[in-house]
Amino acid sequence: MHVPDGFLDLPTSAATGAVAVAGVALALRGARRELDDRTAPMAGLVATFVFAAQMITFPVGAGTSGHLMGGALAAILVGPWTGVLCVSVVLGVQALLMADGGITALGTNITLLALVGVVVGWLVFRALVLVLPKRDAVIPPVAFAAAFVSVPAAAAVFTGLYAVGGTAPVSIGAVLTAMLGVHVLIGIGEGVITALVVASVLKARPDLVYGARHLRPVPTVEEVSA
Amino acid sequence: MGAGHGHRLHYHGHSVVHRAQAHHKVLALLGFMLVVVATPVTWYAVFAAYAVILLGVVAASRVPFGYLAKRMLIEVPFVVFAVLMPFVATGPRIQVLGLSLSEAGLIAAGGFLIKASLGVLGALTLAATTEVPDLLAGLQRLRIPAEMVAIASFMVRYLDVVTAEMSRMFTAMRSRGSDPRSPRHWPAMARTLGALFIRSYERGERVHLAMLSRGYTGRL
């Protein structure tokens, strides 16, 4: 579920739009390092995958369901910069072709799901990977933690935006409690699925997991061209 | 695979709205929605005028209103949120049908619903009347970075391929007695998703190699 039009006021929407433009511009520069001239087709296919993964919903109680955000998953699988680009493109296509998420809220959605979701997920992932033993077995639990933290983090930032530019007089403490409560549950689902997906890719094609690259020897020229 | 022409929301036609330049339509929608969002929530007459303008565009597009109305169901989660707003909002309360509701919450919920509905209907109209290649060309004309447009074009080009692949994998799971939606079967579902990632990534590599062999130099 993405933020629709009219949920946040105009100045807040414009400010998050500026943040989103700056974030995507940075990610474009970074992604060229991750993917070189393969950027367009690779990131495009990964964006398609993120879109498909977002179709997966899971129950969070009281008859409501959450869906996978996929930010931390994308960051761990293809790297943070490419991850930001993929999730941003998914949100843009959803807003323009599927009426999912308001067009004036696109900056807000990119800021929350692409920037906060991916960056928080990646930072948690890297921090834990650096202090834990350098083994494949630690990657899935670390992926769980990264995905789990990224969801309530995005919810907390959303609540902050709502405190600044919300359109209804709601006590911010109540919003924060409700948002965090629901999103901790969604975060558990996000974390479990992210960890299981990363574990399965790590088993079948360990070379494709960007977040586990430091565990592999750098491939030689012969291996790359083989 | 029933991909066919156009994307899922597209409604084939040759009206004025269909023929309008895509970048004009995107700018018009963005400008319209910025004005809508900036309008104070209690200016109901002004919102009625916005609705008349938007419905005029829908009528001019000759897309049946029922076609768009059915697809406005995407809004339902926000309706639920809006319904809750008067219960949780602060400020003076009024009695409606025996329920104690926040007056400010009611006004805010009404305004939010009006704005969100205008946004969804406007975006649906854009999607129904614009083909994907035109939209992508329009985005490029709006100075969206070429790489972002290229990524988006690959995404929409392979969207049906990858989602159809996922639905075939889930059909295979169901025929073996597991339910992809149930947390009990998450391990199987996640392996499926992992396989889908590998297939998507490898498809991207093959597409890239095919492009290189046709003279791709990093620019489309």
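**Chain contact and a helix pair in a predicted model**

Tutor: In this predicted model, 69 residues of chain B are in contact with 55 residues of chain A.

Student: What makes a residue of chain B count as in contact with chain A?

Tutor: Its C-beta atom, placed from the backbone, must lie within 7 Å of one in chain A; 69 residues of chain B are in contact on that basis.

Student: Which elements give two or more residues to this side of chain B?

Tutor: They are α2 (22-38), α5 (76-88), α6 (103-129), α8 (146-175) and α9 (186-213) of chain B. The largest share, 16 residues, comes from α9(B). By class, this side of chain B has 51 nonpolar, 12 polar and six charged residues.

Student: Where do the domains of chain B lie?

Tutor: The domain assignment gives domain 1 (16-130) and domain 2 (145-213). Their centres, taken over C-alpha atoms, are separated by 34 Å.

Student: Turning to chain A, at what angle do α3 and α7 pack?

Tutor: Helix α3 (residues 71-78) and helix α7 (residues 172-204) of chain A pack at about 20°, with their axes 10 Å apart.

Student: Why is α3(A) called roughly parallel to α7(A)?

Tutor: Angles under 35 degrees count as roughly parallel. The angle here is about 20°, so α3(A) is roughly parallel to α7(A). The crossing of the two helices is right-handed.

Student: Which residues meet there, and how do they divide by class?

Tutor: From α3(A), A:A72, A:L73, A:I76 and A:L77 meet A:T194, A:V197, A:V198 and A:V201 of α7(A). The contact has seven nonpolar, one polar and no charged residues.

Note on methods. Residues numbered from 1 in each chain as written. Chains lettered and ligands numbered in written order. Predicted model: local features only at pLDDT ≥ 70, side-chain atom pairs only at ≥ 80, totals over all residues. Axes fitted to C-alpha atoms, helices over the stretch in contact; angles between N-to-C directions. Helix = DSSP H or I, 4+ residues; strand = E, 2+ residues; numbered from the N terminus. Parallel < 35°, antiparallel > 145°, perpendicular 65-115°, else oblique. Left-handed = near helix turned anticlockwise from the far one by under 90°. Contact = placed C-beta atoms within 7 Å. Nonpolar A, V, L, I, M, F, W, Y, C, P; charged D, E, K, R; others polar. Domains from an automatic or database assignment.
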